[in-house]
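Visitor: I'd like to learn how to read side-chain features off a model. Can you walk me through a case?

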Amino acid sequence: LEERNQRMRMETAINGAVNKLSELDERMRRTEDSSKENKNALSQLISHTKNVERAVTMSQQDMLTKKEQQGTKIQELYHKLATVQQNRETLERTCYVIRDEVRELEGKMDNLGLEVKDFEGAVKM
């Protein structure tokens, strides 16, 4: 009888231990599954972060390229503006010279007109 009681207690203890092990095994499986999900989520997040970093880097490179192109274009425009200003100044000087030459020619024409009138007067006498 004593042996039977002891055996019953042992079976109960073993069954309890087996149940506890099964419970621990189930918890371990759920923890592993959760860990796998977390690992997958973290991998996706890392991948997404790398893609964002690449996009930002490419955007920065594009901005730098555009900035350089704009700088070059601005320099070209400054050069063209300087050329236009220089040409305008040259044209202004040329216009002043031509105006002065026209005035001089007008004066010569007036003088020639007077000389012609004087000559006509002298010829009529």
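Visitor: Which residues form a nonpolar patch on the surface?

Guide: Keep in mind that this is a predicted model. The patch is made up of Met10, Ile14 and Val18, which together have about 290 Å² of accessible area. Val18 sits in helix H1, which covers residues 2-124.

Visitor: Is Val18 buried, exposed or partly exposed?

Guide: Partly exposed, because its relative accessibility is 43% and that class runs between the 20% and 50% cut-offs.

Visitor: Let's turn to charges. How many salt bridges does the count come to?

Guide: The general idea first: side chains of opposite charge can pair when their charged atoms come close. Here the count comes to eight salt bridges. Glu2 pairs with Arg9, with 3.9 Å between the closest N and O atoms. Glu2 is exposed, at 54% relative accessible area.

Visitor: How far apart along helix H1 are Glu11 and Arg7?

Guide: Four residues, so about one helical turn separates them. Their side chains meet in a salt bridge at 4.0 Å, N to O. Arg7 is exposed at 58% relative accessibility, while Glu11 is partly exposed at 39%.

Visitor: What about Glu104 and Lys108: what do their side chains form?

Guide: A salt bridge, at 3.6 Å from N to O. These two residues are also in helix H1, four residues apart, about one turn. Glu104 is partly exposed at 47% relative accessible area, and Lys108 is partly exposed at 46%.

Key. Residues numbered from 1 in each chain as written. Predicted model: local features only at pLDDT ≥ 70, side-chain atom pairs only at ≥ 80, totals over all residues. Heavy atoms only, no water. Patch = residues over 30% accessible without salt bridge, like charges linked within 9 Å, V, L, I, M, F, W, Y side chains within 5 Å. Areas by Shrake-Rupley, 256 points an atom, 1.4 Å probe, with all protein chains shown as cover. Buried < 20%, exposed > 50% of the residue type's maximum accessible area, 1.4 Å probe, protein only.
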